[in-house]
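Work through each task with the model in view before reading its solution.

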Amino acid sequence: MSSPSKFQTLLTHLDWNIQHFEQILNNDKTDYYRDAAIQRFCLVFDAAQKSLSALAEEKGKTIESANDCFQIAKEENRADETYDSVISDYQLVKDGFEPDLAEAVYPRLSSHYSFFKKLYDTVSKEV
């Protein structure tokens, strides 16, 4: 039995993070769960970027940025929605955030969850 590829391993982590992202979003909104949801969003984003990078590497492509990952996914019909707001929100909160910023980003997290779930569902067919 061969060991899983880097992409397969990262895809497993992406799935786990997406599941936990959904669980956090299903909680009543308190400051704690709002902040936890934003932190989980960052973890999902990182896992998605790593997964897409590994898949691109397996296909001989070079990735230099998160934008490259999502652009290739879009070109290959793995991500059919715009990913600009996902990247933008990630850039806003990845290094920490204040309550005002958290309040601005939090309402968009359900949409971001849907984006990542669809992305995972499409990319997981590559395995």
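Rings of Phe, Tyr and Trp (its six-membered ring) pair if their centres lie within 6.5 Å, and planes under 30 degrees apart count as stacked, over 60 as edge-to-face and the rest as tilted. This is a predicted model, in which local features need pLDDT of at least 70 and side-chain atom pairs count only at pLDDT 80 or more, while totals for chains, interfaces and linings use all residues. Residues are numbered from 1 along each chain as its sequence is written, and side-chain values use heavy atoms, with hydrogens and water left out.

**Exercise 1.** Determine how many aromatic pairs the structure holds, and which residues ring pairs link into a cluster.

Solution. The structure holds 10 aromatic pairs. Ring pairs join F21, F41, F45, F70, Y83, Y90, Y113, F115 and F116 in a cluster.

**Exercise 2.** Classify the pair of F70 and Y83, and locate both residues.

Solution. The ring centres of F70 and Y83 are 6.0 Å apart and the planes stand at 25 degrees, so the pair is stacked. Because F70 belongs to helix α3 (residues 66–75) and Y83 to the loop between α3 and α4 (84–93), the pair ties together parts 13 residues apart in sequence; helices (H or I, at least four residues) are DSSP runs, numbered from the N terminus. F70, at 0% relative accessibility, counts as buried (under 20% relative accessible area, 1.4 Å probe, protein chains only).

**Exercise 3.** Classify the pair of F70 and F115.

Solution. With 5.9 Å centre to centre and 50 degrees between the planes, the pair of F70 and F115 is tilted. This pair links distant parts of the chain, F70 in helix α3 and F115 in helix α6 (residues 109–123), 45 residues apart. Both F70 and F115 are buried.

Conventions
Helices (H or I, at least four residues) and strands (E, at least two) are DSSP runs, numbered from the N terminus. Buried means under 20% relative accessible area, exposed over 50%, partly exposed in between (1.4 Å probe, protein chains only).
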